[in-house]
Amino acid sequence: MTKEYSATRLPKHAGPAAWDEILGPRTPNPALDGDRSCDFAIIGAGFAGLYAARRLAQLNPGARIVLLDAGCIGKGGTGRNSGFMIDLPHELTSSNYAGADEGSDSSLIALNRWGIDYARQAVVEYGIDPNYFDPAGKVNGAAAEASHAQNLSYAKHLESLGEPYELLDEKSMFELTGSRYYRSGLFTPGTVMLQPAGYVRGLARGLAPVVDIYENTPVTGFRREGATWRVATPRGTITAGKLILSNNGHIESFGIKRGRLMHIMLFACMTEELGPEVLARLGGRSRWGVTPSDPMGTTMRRIDAGQGGNRIVTRTCAEFRPDMESTEHGMRRATEVMRGKFDARFPNLSDVKMAYVWSGHLCLSKNSVSVTGEIDDGVFAACVQNGLGSMRGTLTGICAAELASGVSSPVTAFFAREPEPPRLPPEPIAAIGANAVIRCKEWLARKE
């Protein structure tokens, strides 16, 4: 019996991928034109796909590896996130990011740190600009007393895990950010702050000698033909012995895990480059990252010239969108809300313009598990990153590559223990219910 998967939709993005834009133009790899064969084909060139390619090349020297992306590297999800590669538990459905229990959190921390070290090795091996991989740590910022209590709760959890942290008072937060908005902060040292587009550009450049990368090559379907899989694109085909799907939530576009995945659009904006006079008004340090103590709050980040210019990034607002597309109304609403969040934190920068506004696609499962493993004969998944694309994408990509190579490791063992994502309520009930919950949680976290 022929096994065939066809895409019902292709990725669509609203607004520019600012992290890529601020680096200046890059010549993309050519699109696939014609038919060719390989040992391994990978669909999706974000963190998961690039790390799947790297691990495949390590485990299978001389293998023919093809990596396909519907758009350009750095302009998809990787150019639209906040650039936090987090080592500690960061459970978005929790009140304070803690996981289910200390045992599972300890295992996850060890795995995340292994993944960060693996990513660090690529910086050295491929000569990636170290500004794009900055082990600066991050701060959970609290503006209200209730959020400060969440920070204290998380600090106790970190103590039980034996993890280091530092509580920052209002004065320390001002010295860090230049903003008097924050009541307190909780600093943890293990997070790496990425320039995500610059980092994946470097990964792709480093992989080029051993991986054939095709950009602007959307996959419209794939089907089983004898012992191989035939991958269809608009101008050519790939015949592969094994296939890795590293397209995050768009795995559902091929009918896989349909009705089990939650598609959330998140929004962000980035300022114009801040000149010397504005920087003097702002004060604070030149690089920092603040995640909200309440997961439904606002993420803020400041970058400097080594990462694409002196700028501030604001990220907040969410919409449940089963069609994986932002609406014009959603973009307008988010733009207004983000301007308000920025002005509340930096009232002395009210004249600063936002140079970029965009949305990004985040995919979660109800029980916060990824979609990994062999989902069909010779087809492996590295999908559903649960809002942790840079970290979880790295690990799921490695997992898929190891499984496709017949290798077992602590990474494959971790994901093998995860259960199936549960089914969601049918539409439109799921969307109505999810958006009502999101709006309620955003209101409760409005000061954050």
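Tutor: Start with two helices, α2 and α6. Helix α2 passes α6 in a left-handed crossing. Keep in mind that this is a predicted model.

Student: Which residues of α2 and α6 meet there?
Tutor: From α2 come F47, L50, Y51, A53 and R54. From α6 come P196, Y199, V200, L203, A204 and L207. Sorted by type, the residues of this contact are ten nonpolar, no polar and one charged.

Student: At what angle do the axes of α2 and α6 cross?
Tutor: Roughly 25°. The axes come within 10 Å. Helix α2 spans residues 47–59, and α6 spans residues 196–207. Angles under 35 degrees count as roughly parallel. Therefore α2 and α6 are roughly parallel to each other.

Student: Is the crossing of α2 and α9 left-handed or right-handed?
Tutor: Right-handed. Helix α9 covers residues 389–404. It packs against α2 at an angle of about 35°, with the axes 7 Å apart.

Student: What meets what between α2 and α9?
Tutor: In α2, look for F47, A48, Y51, A52, R55, L56 and L59. Their partners in α9 include G389, G393, I398, A401 and E402. The residues of this contact divide into nine nonpolar, six polar and two charged.

Student: Now the strands. How do I read a sheet?
Tutor: Strands of a sheet pair through backbone hydrogen bonds, either parallel or antiparallel. Here, follow an open sheet of eight strands. Its order is β7-β8-β6-β15-β16-β17-β14-β18, and the pairing is mixed.

Student: Why is one side of β7 and of β18 left without a neighbour in the sheet?
Tutor: Because β7 (166–168) and β18 (354–365) stand at the edges, each with a single partner strand. On average, neighbouring strands of this sheet are turned by 25° against each other, direction ignored.

Student: How many bridges join β7 to β8?
Tutor: Three, and the two strands run antiparallel. Strand β8 holds residues 184–188. Take L167 as an example: its bridge partner in β8 is L186.

Student: Which strands does α5 lie across?
Tutor: Helix α5 (residues 170–177) lies across β6, β7, β8 and β15. It runs at about 130° to β15. Helix α8 (residues 328–345) lies across β14, β16, β17 and β18. To β17, α8 runs at about 135°.

Student: What describes a pair of aromatic rings?
Tutor: The distance of the centres and the angle of the planes. This structure holds eleven aromatic pairs. One of them is W114 with Y118, a stacked pair. Their centres are 5.5 Å apart, with 20° between the planes. Both residues sit in helix α3 (residues 102–126). They are four residues apart, so about one helical turn separates them.

Student: What about the backbone itself?
Tutor: Look at the peptide bond from E427 to P428. It is cis, with omega near 5°. P428 lies in the loop between α10 (410–416) and α11 (429–444).

Student: Where is K257?
Tutor: In the loop between β13 (236–245) and β14. Find N386 in the loop between β20 (379–383) and α9.

Technical notes
Residues numbered from 1 in each chain as written. Predicted model: local features only at pLDDT ≥ 70, side-chain atom pairs only at ≥ 80, totals over all residues. Heavy atoms only, no water. Axes fitted to C-alpha atoms, helices over the stretch in contact; angles between N-to-C directions. Parallel < 35°, antiparallel > 145°, perpendicular 65-115°, else oblique. Left-handed = near helix turned anticlockwise from the far one by under 90°. Contact = heavy atoms within 4.5 Å. Nonpolar A, V, L, I, M, F, W, Y, C, P; charged D, E, K, R; others polar. Pairing = 2+ DSSP bridges. Phe/Tyr/Trp six-rings, centres within 6.5 Å; stacked < 30°, edge-to-face > 60°.
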